[in-house]
Amino acid sequence: MVLNDQKRRRPGRPAGGNKSSDKRDLLLDTALKLFSNQGIAQTPLSAIATEAGVTPAMLHYYFKTREQLLDVLIDERYMPVRASMGGAFEMHPNDPVSALTALTQKFIDVSLQHPWFAPLWIREVLSETGILKQRIDERFGSRERQAALVWIRKWQDEGRLNPDLEPEFLFISLFGLTLLPVARLQHDIRKGETSLNSEMLSRHIAALLKSGVSNPDS
């Protein structure tokens, strides 16, 4: 029975009760914080242990290598959040502006709910040399990205979306349109400044997507 239980446990999840689970979650949270703030390549396991207030031996008990830790973060933290951003195109199959607006709203909501998401995405996913991007591509390929590009080209062929838009650049533009301002919002929130908020950002992005910078009433 013990052997069967060990086989069912996921990587980085040794036997133990709630205290063991809490310690493991602390290490995952700490790794996410450091990875998003300074990059994966610049964050050795020893730095994670120090920040979490545990010994390197304790961290090694849960995660033998940084690669194992990264895979657990991808499976348990990153991919569930990424999955929560899906469905916008399927909800608006004949209205690309509404679909893209809904997608950017998901970016905003997720980034504010998970403060590590925007800086981690900017550092490790938008960059072609990002370790996180490379690992995700190795494990999952680019099927989701290719499927999204199919939607864009379909809308262009149907005359529903500007044909001058380059599909490969469109998503990078949307990320920049949302994630960089979200980082500004998070900075303001930490400083206690409230002149800008997420509702204002949502209106700003929706206006850009629907009308660009021209006056819609002119």
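**One residue in its setting**

Mentor: Happy to! Let's begin with charge: the protein chain carries 28 positive and 26 negative side chains, and the centres of these two sets are 7 Å apart. Keep in mind that this is a predicted model. The C-alpha trace spans about 70 × 40 × 30 Å along its principal axes.

You'll find Thr43 in the loop between α2 (18-38) and α3 (45-52). Is Thr43 buried or exposed? Thr43 counts as buried because its relative accessibility is 0%, and the cut-off for buried is under 20%. What is Thr43 in contact with, leaving aside neighbours within four places in sequence? The partners are Leu34, Phe35, Gln38, Ile48 and Arg66. Leu34, Phe35 and Gln38 fall within the span of α2 (18-38), and Ile48 within that of α3 (45-52).

Stepping back to the whole chain, buried residues make up 36% of its 218 residues. Of the contacts with a separation of 6 or more, 64% are between residues 24 or more positions apart. Finally, the accessible surface of the chain comes to about 12600 Å², and carbon and sulfur atoms account for 55% of that surface.

Notes:
Residues numbered from 1 in each chain as written. Predicted model: local features only at pLDDT ≥ 70, side-chain atom pairs only at ≥ 80, totals over all residues. Heavy atoms only, no water. Helix = DSSP H or I, 4+ residues; strand = E, 2+ residues; numbered from the N terminus. Buried < 20%, exposed > 50% of the residue type's maximum accessible area, 1.4 Å probe, protein only. Contact = heavy atoms within 4.5 Å. Areas by Shrake-Rupley, 256 points an atom, 1.4 Å probe, with all protein chains shown as cover. Lys, Arg positive; Asp, Glu negative; His and termini not counted. Charge placed at Lys NZ, Arg CZ, Asp CG, Glu CD.
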